Amino acid sequence: MTKPNFYADVALDRAAHLRDDADWLAASLAAPGTVIIPVWRARNLVVEGEAPRAVLLPLARAAALVAAARETVLLGLQGETAYFAVDLSHLDDPSGLPIDEGSFIDLRLVGALLGRGEAGLLAYAKGILHWHSRHRFCGACGAPTMVRAAGHMRICTSAQCARPHFPRTDPAVIMLVSDGVRALLGRKAEWPQGMYSTLAGFVEPGESLEQTVAREVAEEAGVMVTDIRYHSSQPWPFPASLMVGFFARTSATEFHMNPDELEDLRWFSRDELAAGGAGIARRPRSDSIARRLINAWLRGDEPR
Ligand SMILES: [Zn+2]
């Protein structure tokens, strides 16, 4: 794979070696050119419009946000410039903050319209701050946790426990099942009208990724698959998934759709899918790995 999937195109050095360097962190959080990426209740700061763009604030304009932040996380470095995400979710109304452009909106609504680099930055900031918001207390003993490693770890404040907690990502598989000529795509009732997509599901404890692919296809479509081949992966911060993309083959001629999982399931020829957007063969959103798997299949570009 040469080009990362959308939301994975983050041109930062994550600089893990600096996360415990208190002097360097303090200097970075005093440097006017340091970039601040604010997040409020899982929403990112974006200037909306036909060509939306992320608001990446130089510290010179964002010192009040850093001072007000509940969490400050070092995202990494671009050259000599440090990038930090700040969480403002504890404030009831972010409009009281001294922010002179943009508004806090759901990345899901604008992500696909942003530049790839900006979308990746916002996804990273949103994703790691989501983890902080869900790990303010120790999952083992219930005591409060506190931030360490510039926001890449939390530690339990109970002296008896003192467990470290690290950012979590939930792996999910997503797979294009084909019989060689047709692709098996499903739709969920809540999706946009006419949209069909690849099957997907979360990995369970004790499973390999390939076993999850086989189990999910069997559960949702009643179909056995072989030739499970990895394609690519994608962080999907809605809220905390890593989508791991596969192709799989089936020789089944019939399927048995699980109505608890899907509203419809169909075979599609390449011609039907290539018509994209028209009729019932609307493809998934352009920022998704599902779309990329389908496009790769349309080109005959499956891993073998
Ligand atoms: Zn604990």
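Val 66 has a relative accessibility of 18% and therefore counts as buried, where buried means under 20% relative accessible area, exposed over 50% and partly exposed in between (1.4 Å probe, protein chains only). This is a predicted model, in which local features need pLDDT of at least 70 and side-chain atom pairs count only at pLDDT 80 or more, while totals for chains, interfaces and linings use all residues. Residues are numbered from 1 along each chain as its sequence is written, and side-chain values use heavy atoms, with hydrogens and water left out.

- Val 66 sits in helix 2 (residues 59–68); helices (H or I, at least four residues) and strands (E, at least two) are DSSP runs, numbered from the N terminus.
- Beyond its neighbours within four places in sequence, Val 66 is in contact (heavy atoms within 4.5 Å) with Leu 29, Ile 36, Leu 59 and Val 86.
- Ile 36 and Val 66 are separated by 30 residues in sequence, and their C-alpha atoms are 7.9 Å apart.

**Zinc site**
- The zinc ion has as protein donors the SG atoms of Cys 138, Cys 141, Cys 156 and Cys 161, at 2.2 to 2.4 Å.
- Donors are N, O and S atoms within 2.8 Å of the metal (3.2 Å for Na, K and Ca); water is not among the atoms, so sites may look incomplete.
- The donor spacing in sequence is C-x2-C-x14-C-x4-C.
- Angles between the four donor atoms run from 97 to 115°, so the arrangement is tetrahedral; four donors count as tetrahedral if all angles lie between 85 and 135 degrees.
- Ideal angles for four tetrahedral donors are 109.5 degrees.
- Cys 138 counts as buried because its relative accessibility is 5%, whereas Cys 141, at 40%, counts as partly exposed.

**Largest pocket**
- The largest pocket has a volume of about 830 Å³.
- A pocket is found on a 1 Å grid over the protein atoms alone, as an open set of points where a 1.4 Å probe fits, with protein on both sides within 12 Å along at least five of seven lines; lining residues have an atom within 4 Å of a point.
- Grid points are joined across faces, edges and corners, and a volume is the space filled by probe spheres set on the points.
- The lining of the largest pocket has 32 residues, with Lys 188, Trp 191, Met 195, Trp 236 and Met 243 nearest the centre.
- Strand 13 gives the largest share of this lining, four residues.
- By class, the lining of the largest pocket has 16 nonpolar, seven polar and nine charged residues.
- Ala, Val, Leu, Ile, Met, Phe, Trp, Tyr, Cys and Pro count as nonpolar, Asp, Glu, Lys and Arg as charged, and the others, Gly among them, as polar.

**Second largest pocket**
- The second largest pocket has a volume of about 360 Å³ and a lining of 20 residues.
- Helix 4 (116–134), strand 14 and strand 15 each give two or more residues to the lining of the second largest pocket, and helix 4 gives the largest share, six residues.

**Backbone features**
- Most residues other than glycine have a negative phi, and most peptide bonds are trans.
- Tyr 7 has a positive phi of about 80° and is buried because its relative accessibility is 2%.
- Ala 15 has a positive phi of about 50° and is buried, with a relative accessible area of 3%.
- The peptide bond from Phe 238 to Pro 239 is cis, with omega near 5°, and Pro 239 lies in the loop between strand 14 and strand 15.

Notes:
Tetrahedral: all angles 85-135°; square planar, octahedral: opposite > 155°, others 65-115°.
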